[in-house]
Amino acid sequence: MMQVREKTKEEITAKLSTMKTPLTRMDYLESIMKSDFPYDVQRLIFDELAKAYEERIMYDKAARVFSMKGGIEVTQNKKVEAYLRAAELFAKAWKIEEIEAMYVRALREAETNEKKREIKLAIKNIFLVNASELEKKQKRSGALKFYEKLMKIDLDESEKSQVKEKLIAIYKSLGKFREVAMLQGKGSTSTSENDKNYLGL
């Protein structure tokens, strides 16, 4: 591990500017994390470390850094912003349960019903965007996870119909004909009370 002499945001930023690769920045920032810095410096470290992880396609680690950042943010809006960014990165790592955990944390910070609606819409869009992107890349097993979760959250009838069609097509392509039959059966697309309670719908 690198020896860390920098103490201020300015010194850390200057040091980072001399490092040419994400791997070098990661090593440096991971060393810094073990030091006791004020929260404003910690937030800078988290931002830079998450950026380095993301550049290295280490989405899970980048997401966890933003999750930690949410815990030290001062304002509720900044906390929500950090948790939603973590959810976006967890989505890239196909971490469904972690996305939902960030959703719950973000909702806890929402002060108004309008803010809660914004958070719900953001999470829904994360699922929709990632499901679509994975499907385009022919990564059906990944797309399937997102589409299955979308059937359990608050979609309008048009969206739910489109997601159902996507699910049926993927199930058929994977030879999951029992799941096709269940999805086409009465009541199979309804949201359970447990899902409603967990997702805050």
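Here is a walk through a helix pair, the loop that joins it and the nonpolar core of this predicted model.

Let's start with α4 and α5, which span residues 59-72 and 76-92. Their axes come within 8 Å and cross at roughly 165°. Anything over 145 degrees counts as roughly antiparallel, so that is how α4 and α5 sit relative to each other. On the α4 side, the contact is made by Y59, D60, A62, A63, R64, F66, S67, K69, G70, G71 and I72. From α5 come K79, A82, Y83, R85, A86, L89, F90 and K92. As for handedness, α4 passes α5 in a left-handed crossing.

Now look at the loop between the two helices, where you'll find E73. Is E73 buried or exposed? Its relative accessible area is 9%, and the cut-off for buried is under 20%, so E73 counts as buried. Leaving out residues up to four places away in sequence, E73 touches R43, K78 and K79. Of these, K79 also turns up on the α5 side of the helix contact.

Finally, the core. In soluble globular proteins, nonpolar side chains tend to be buried together. Here the largest nonpolar core has 57 residues, and I12 and I99 have the most contacts inside it. Setting aside neighbours within four places in sequence, I99 is in contact with A87, F90, A91, I123, F127 and F146.

Key:
Residues are numbered from 1 along each chain as its sequence is written. This is a predicted model: local features need pLDDT of at least 70, side-chain atom pairs count only at pLDDT 80 or more; totals for chains, interfaces and linings use all residues. Side-chain values use heavy atoms; hydrogens and water are left out. A nonpolar core is a set of buried Ala, Val, Leu, Ile, Met, Phe, Trp, Tyr and Cys residues joined through side-chain atoms within 4.5 Å. Buried means under 20% relative accessible area, exposed over 50%, partly exposed in between (1.4 Å probe, protein chains only). Contact means heavy atoms within 4.5 Å. Helices (H or I, at least four residues) and strands (E, at least two) are DSSP runs, numbered from the N terminus. Axes are lines fitted to C-alpha atoms, for helices over the stretch in contact, and angles run from 0 to 180 degrees between N-to-C directions. Angles under 35 degrees count as roughly parallel, over 145 as roughly antiparallel, 65 to 115 as roughly perpendicular and the rest as oblique. A crossing is left-handed if the near helix is turned anticlockwise from the far one by less than a right angle, and right-handed if clockwise.
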